[in-house]
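Dear colleague,

I am handing over a structure that will be new to you, and my notes on what was found in it follow below. Please look through the sequence and the model first, and then read on.

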Amino acid sequence: MKKQRNISIELASTLPAEEQQIELVERKGIAHPDTMCDSIMEAVCIALCKEYNDRFGRILHHNIDKGMLVAGRTMPQPGGGKVIEPMKIIFGDRATYTHDGTVIQVGEIAEATAKKWLRKNLRFVDPEVNIIYQNEIKPGSPELTDTFSRPVIGANDTSVGVGHAPRTETERLVFETEQYLNSNIFKYAYPETGKDIKVMAFRKNRDLTMTVAIAFVDRYIRDKKIYFEKKQIIQDNITQFIRCKQENIDNVTVQLNTLDDPERGAEGIYLTVLGTSAESGDGGQVGRGNRVNGLITFNRPQSLEAAAGKNPVNHVGKIYNVLSHEIARRIHKEVDGVKEATVYLCSQIGQPLDEPLQASAKLILDEDFHLDDVRKTVTSIIQVELAYIGVFIEQLALGKYSIC
């Protein structure tokens with residue numbers, strides 16, 4: 001018998017984000033302290049999912065979404081500086097340590113996973129030397145742990161996930177710019193650039209201003225003059241890249257490392273020893289970085305939930321936020337006449353994940369279409385996605401969806 005779900009389809013009351021006069025979009029690159037926290041804690045979550053599945057045939061209770069990165073201390077200087085105090089990664093929240101008489105080495109798994117991620121993604125950071133690891137993951141409460149033993153695992157919380165599609169041109173340019181700056185080809189051409197990159201775009205009508213921060217690596221910079229020469233070359237390169245990618249934007253302005261002050265010598269330029277501000281200037285925390293769509297989109301509805309590190313079995317702060325984006329993308333791609341879609345999924349604690357308290361789609365349609373033209377198809381897409389949420393969860397547990 002087909003389940004009756006609470007699904008509503010309505011017209012949005014706002015302009016499409018693409019057509020709004022002002023648009024602001026941000027993305028934090030992979031070595032930004034917040035992105036490092038999100039990425040590492042998510043990797044630990046996936047590793048624990050695998051460990052639990054391999055040992056017990058199912059995923060047990062865990063949430064690794066309270067991680068922090070404490071900044072270290074360095075002395076960067078032209079030609080190469082030194083590390084004075086290492087960074088510290090603190091793993092937090094809850095996990096299952098024992099099950100059916102078997103002990104799971106949660107702390108060891110977390111540390112090994114973090115080291116593996118660091119080796120793969122940060123070329124200047126030695127995970128054995130430049131990082132201290134502190135395990136603060138505690139066993140879960142009996143009530144929360146018990147929910148994973150029930151025949152039907154319900155939502156862990158009453159919460160809302162929200163997703164939207166398609167990306168605006170500004171959103172696309174921000175995402176592609178950061179990906180380009182952290183690509184292998186760019187690093188080969190400009191090895192002096194670290195992976196701690198932040199891109200903020202401000203669009204006013206059809207004029208785009210892109211403010212970019214890139215941590216330069218001091219061993220490649222002999223003096224202040226070389227720094228500013230390389231900075232100008234890279235700024236011109238970014239401008240050219242965006243101009244090749246733009247479609248409806250008329251004017252592009254790129255500004256790079258705007259805190260620099262040529263009058264202040266080595267103190268007035270953005271130099272790092274390890275290519276990340278986490279080495280000295282800035283700490284990080286799970287949930288303060290990119291949303292699950294890889295961006296911080298200030299013109300869109302956004303959830304405050306930190307998806308990274310949350311378990312993929314019943315934690316709706318993760319499941320519904322990722323799924324809502326997938327549903328919105330399907331609606332925009334498959335339904336003729338849908339110009340923009342925003343999808344909300346509201347859970348109710350303890351209730352089945354495929355039966356949200358409310359699933360809602362707010363649509364902006366092309367001018368020749370009416371709501372009745374699309375209502376049935378949009379409703380069907382939401383029904384199907386919720387019906388197969390178990391398959392989606394399996395893929396989420398395997399790390400098939402990027403969450404930052």
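**What was found**

At 55% relative accessibility, V129 counts as exposed, and its place is in the loop between α2 (106-121) and β10 (131-138). Between V129 and E85 there are 44 residues of separation in sequence, while their C-alpha atoms are 9.9 Å apart in space. Please keep in mind throughout that this is a predicted model.

**The protein as a whole**

Taken together, the secondary structure of the protein comes to nine helices and 19 strands. The radius of gyration is 23 Å, close to the 22 Å that the globule rule gives for 404 residues, so the protein is as compact as a globular protein of that length. Along the principal axes, the C-alpha atoms fill a box of roughly 70 × 65 × 25 Å.

Of the 404 residues, 52% count as buried, and the protein exposes about 18,800 Å², with carbon and sulfur atoms supplying 49% of that area. Among the contacts in the protein with a separation of 6 or more, 76% are accounted for by residues 24 or more positions apart. As for charge, the protein has 50 positive and 55 negative side chains, and the centres of these two sets lie 3 Å apart.

**Cysteines**

A disulfide is a covalent bond between the sulfur atoms of two cysteines. How many disulfides does the count come to? With a disulfide taken as a pair of cysteine sulfur atoms within 2.5 Å, the count comes to zero. C45 is in no disulfide, since the nearest cysteine sulfur, that of C49, is 4.3 Å away and the cut-off is 2.5 Å. C45 is also buried, with a relative accessible area of 1%. C404 is likewise in no disulfide, and the nearest cysteine sulfur, which belongs to C37, is 10 Å away; at 14% relative accessibility, C404 counts as buried.

**Backbone features to check**

Most residues other than glycine have a negative phi, and most peptide bonds are trans.

The peptide bond that joins A165 and P166 is cis, with omega at about 0°, and P166 lies in the loop between β11 (160-165) and α4 (169-181).

D100 has a positive phi of about 50° although it is not a glycine. The loop that holds D100 runs between β8 (98-99) and β9 (102-103), and D100 is exposed, with a relative accessible area of 66%.

For N257, phi is near 50°, which is again a positive value in a residue other than glycine. Is N257 buried or exposed? At 5% relative accessibility, N257 counts as buried, and its place is in the loop between β14 (251-256) and β15 (271-272).

**Residues in helices and strands**

A397 is found in helix α9 (residues 389-397), where it counts as buried at 10% relative accessibility, because the cut-off for a buried residue is under 20%. Which residues is A397 in contact with, leaving aside its neighbours within four places in sequence? They are I46, C49, I59 and P312. A397 and I153, which are 244 residues apart in sequence, have C-alpha atoms 15 Å apart in space.

V384 has its place in helix α8 (residues 371-387), and with a relative accessible area of 37% V384 is partly exposed. V384 and D354 are 30 residues apart in sequence, and the distance between them in space is 9.8 Å, C-alpha to C-alpha.

K204, finally, lies in strand β12 (residues 193-204) and is partly exposed, with a relative accessible area of 43%. Leaving aside its neighbours within four places in sequence, K204 is in contact with Q21 and I22, whereas the C-alpha atoms of K204 and G337, which are 133 residues apart along the chain, are separated by 27 Å.

Technical notes
Residues are numbered from 1 along each chain as its sequence is written. This is a predicted model: local features need pLDDT of at least 70, side-chain atom pairs count only at pLDDT 80 or more; totals for chains, interfaces and linings use all residues. Side-chain values use heavy atoms; hydrogens and water are left out. Helices (H or I, at least four residues) and strands (E, at least two) are DSSP runs, numbered from the N terminus. The radius of gyration is taken over C-alpha atoms; the globule rule is 2.2 Å times the number of residues to the power 0.38. Buried means under 20% relative accessible area, exposed over 50%, partly exposed in between (1.4 Å probe, protein chains only). Contact means heavy atoms within 4.5 Å. Accessible areas come from the Shrake-Rupley method with a 1.4 Å probe; for residues, only the protein chains shown count as cover. Lys and Arg count as positive and Asp and Glu as negative; His and the chain ends are not counted. The place of a charge is taken as NZ of Lys, CZ of Arg, CG of Asp or CD of Glu.
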